[in-house]
Amino acid sequence: MNTPPSPSGAEHTDRSSIRLGALVPLTRPGWVEAGRHLLAGLDLAVREVNDAGGIDGRPLELVVRDTAADPERAVAAVDELAHLGVAAVVGEYHSVVARAAAARADALGVPFLCSSAVLDALTEEPTEWVARLAPAQSHGWRIYADFVLRAGRRRIAVATQPSVYWASGTRILRDHLAPRGGTVLELDATLTPEALCDALVDHGATALLLLVGHPEPAVPIVRAVRRDRRLAEILVGAPAGQPEFAEWAAALGEDGAGIPFLRYLPERLGPLGERVGKKLRERLGEAPSFVAFEGWDTVNVLAAVLRSHGTDRAAVAESWPRVAVEGTRGPIRFSRTPGISVWQWTWTPVQVVDRDPAEPDRFRILHAG
């Protein structure tokens, strides 16, 4: 397994360190930019913990493993990290990968604090070993569906690829929209972009939601729709958040603006969020995404747990319902939520935003839930 160096733990290789395993997509086909932001947040928080004296004088060491969006690779990484004696596993962005990691962590009795993945069914059965910071898909995507309805769009097409995550998203949208007068038409993303445009026209779609990977096939679909005069009035949306990252703007320019997506930030950050955001910007060389804040909050929660309950894995897992930590985006507490099999922060702030067509590097808040 090709593994990048562990930047946070490079100075702390002695046996006194407390190891945290980190799952991050750092190579293709993983969403590398999301992985970079997630790791920046994790690493910054570890460094801050260590600069403040560590955990009872013991430094945290981040042991990073690249999942490359591969569930099998994630499972192997959890096995390896468990063998290395990590106190807990953190991270992961891709929902299908996080689901595989969560199942393995549950089976091995290793605490897993999932940073970014949103799939409701993160584990098949309820587990005490897994907690999550990101909102469940059903919560965020219902807020997104309400935004679409408020925008006056009722005939919704989704361009989708085979995946548990995309299928779950389609089902959430359909179940929420149907009782409110909306319809959802599924279009296979393997259609050529031109054929997909024809299908949108034929069905009179007023919105197209991209439930597909980035950059392929999302970028060519957006380009084709933007250039088709028949679709000048259609709303193009990306609930999964593809336009959040600079890579999107670089690939699409003006065509990538005006495409609403979900992100998990408050309208205004408090003092902690502002301080962390400034440091993340310095590290990344660009504005930090919500994924970077998720990374920082993850380690912040684990550090509080380790200080209060020690490094025993069972003690860490038993602590989830007693967590009360100030995060960059608000107070973090975990609870049991109907339909969610893991300990869940209910809820991080949820926004629907887009890139301003007049200034694509600026985000506009369109709706909040």
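Trainee: Which backbone oxygen lies 2.9 Å from a polar atom of the side chain of Gln351?
Mentor: That of Pro266. Keep in mind that this is a predicted model.

Trainee: What about the backbone oxygen of Leu265, how far is that from the Gln351 side chain?
Mentor: The backbone oxygen of Leu265 lies 2.8 Å from a polar atom of that side chain.

Trainee: Where is Gln351, and is it buried or exposed?
Mentor: Gln351 sits in strand β15, residues 351–356. Its relative accessibility is 1%, so it counts as buried.

Trainee: What does Gln351 touch, leaving out residues up to four places away in sequence?
Mentor: Phe261, Leu262, Arg263, Leu265, Pro266 and Glu267, then Ile365, His367 and Ala368.

Trainee: Switching to helix α2. What span should its 13 residues give?
Mentor: Helix α2 covers residues 71–83, and at 1.5 Å a residue it should span 18 Å. Its end C-alpha atoms are 19 Å apart, which agrees.

Trainee: Which residues of α2 are buried?
Mentor: Ala74, Ala77, Val78, Leu81 and Ala82. Seen down the axis of α2, they fall within an arc of 130 degrees, so they line one face of the helix.

Trainee: Why would residues three or four places apart point the same way?
Mentor: Because an α-helix has 3.6 residues a turn.

Trainee: What covers the buried residues of α2?
Mentor: The cover includes strands β1 (18–24), β2 (60–66) and β3 (88–91). It also includes helices α3 (95–108) and α11 (313–318).

Trainee: And which residues are exposed on the other side of α2?
Mentor: Glu72 and His83.

Trainee: What happens at the start of α2?
Mentor: A side-chain oxygen of Asp70 comes to within 2.9 Å of the backbone nitrogen of Glu72. After the helix comes Gly85, with a positive phi near 85 degrees.

Trainee: Where is Asp56, and what is its phi?
Mentor: Asp56 is in the loop between α1 (32–51) and β2. Its phi is near 50 degrees, again positive in a residue other than glycine. Asp56 counts as exposed, at 68% relative accessibility.

Trainee: What is the strand order in the open sheet of four strands?
Mentor: β7-β6-β8-β9, with parallel pairing. The edge strands are β7 (183–188) and β9 (235–237). Neighbouring strands are turned by 25 degrees against each other on average, direction ignored.

Trainee: How many bridges join β6 to β7?
Mentor: Six, and the two strands run parallel. Arg155 stands opposite Thr183 in β7.

Trainee: Last one, Ser116. Buried or exposed?
Mentor: Buried, with a relative accessible area of 6%. Ser116 is in the loop between β4 (112–114) and β5 (130–132). Its side chain makes a polar contact of 2.6 Å with the side chain of Glu294.

Methods. Residues are numbered from 1 along each chain as its sequence is written. This is a predicted model: local features need pLDDT of at least 70, side-chain atom pairs count only at pLDDT 80 or more; totals for chains, interfaces and linings use all residues. Side-chain values use heavy atoms; hydrogens and water are left out. The expected span of a helix is 1.5 Å times one less than its number of residues. Buried means under 20% relative accessible area, exposed over 50%, partly exposed in between (1.4 Å probe, protein chains only). The arc is that of the directions from the helix axis to the C-beta atoms. Contact means heavy atoms within 4.5 Å. A polar contact is a pair of N or O atoms within 3.5 Å; within protein, one must be able to donate a hydrogen and the other to accept it, and residues adjacent in sequence count only if both atoms are side-chain atoms. Two strands pair if DSSP finds at least two bridges between them. Axes are lines fitted to C-alpha atoms, for helices over the stretch in contact, and angles run from 0 to 180 degrees between N-to-C directions.
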